[in-house]
Amino acid sequence: MDPNDTASVIVLPKALRYEHFVRGVAATGEVWGLYQDGWAIGKTDDGALVFPMWPTAELAQQCAVLEWTGYEPHAFALTELLEELLPQLESDGVLPGITYTPDEYGLTPSHAKLRADLAWRQRQQRTPGQPD
């Protein structure tokens with residue numbers, strides 16, 4: 001599987017899409033959301049608000065359908081996610097939603113888990129020769 005191939009990524013189980021997201025955004029320093037006069041917001045089956053995020057513009061674009069028709073992929077920095085957005089989402093009670101697909105909700109990790117996983121991956125990438 002080509003990890004950059006959108007069609008390959010969207011068929012992965014949620015847990016593997018989450019791992020792909022963590023690796024991708026740690027490598028590029030970019031996170032993607034959908035934007036049109038405000039950020040796209042989703043809901044879980046039980047009604048909790050979710051801020052969906054993707055590791056690439058192409059994956060985000062795949063979800064610009066149905067209630068998000070007309071939304072466009074918009075990038076923001078990983079540092080912005082870690083330092084500003086995640087604390088704000090946590091304060092507002094909005095879950096992070098990782099790599100939604102057109103057919104399935106994304107994984108909704110806790111704010112702390114996402115923060116820890118991204119920090120760990122960034123440390124791994126700064127330490128050449130260390131195993132994954």
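Tutor: Buried means under 20% relative accessible area, exposed means over 50%, and partly exposed lies in between (1.4 Å probe, protein chains only). This is a predicted model: local features need pLDDT of at least 70, side-chain atom pairs count only at pLDDT 80 or more, and totals for chains, interfaces and linings use all residues. Residues are numbered from 1 along each chain as its sequence is written, and side-chain values use heavy atoms, without hydrogens and water.

Student: Is Y100 buried or exposed?

Tutor: Take its relative accessibility, which is 5%. At that value, Y100 counts as buried.

Student: What kind of pair do the rings of W68 and Y100 make?

Tutor: Rings of Phe, Tyr and Trp (its six-membered ring) pair if their centres lie within 6.5 Å; planes under 30 degrees apart count as stacked, over 60 as edge-to-face and the rest as tilted. A search of the whole structure finds seven aromatic pairs. In W68 and Y100, the centres are 6.0 Å apart and the planes meet at 50°, so the pair is tilted.

Student: How many residues apart are W68 and Y100?

Tutor: Helices (H or I, at least four residues) and strands (E, at least two) are DSSP runs, numbered from the N terminus. W68 is in the loop between α3 (57–62) and β4 (72–77). Y100 is in the loop between β5 (95–98) and α5 (111–126), and the separation is 32 residues.

Student: Where in α4 does the kink lie?

Tutor: The bend at a residue is the angle between axes fitted to the seven residues ending there and the seven starting there. In α4 the kink is about 40°. Shortly before the proline P87, it lies at L85.
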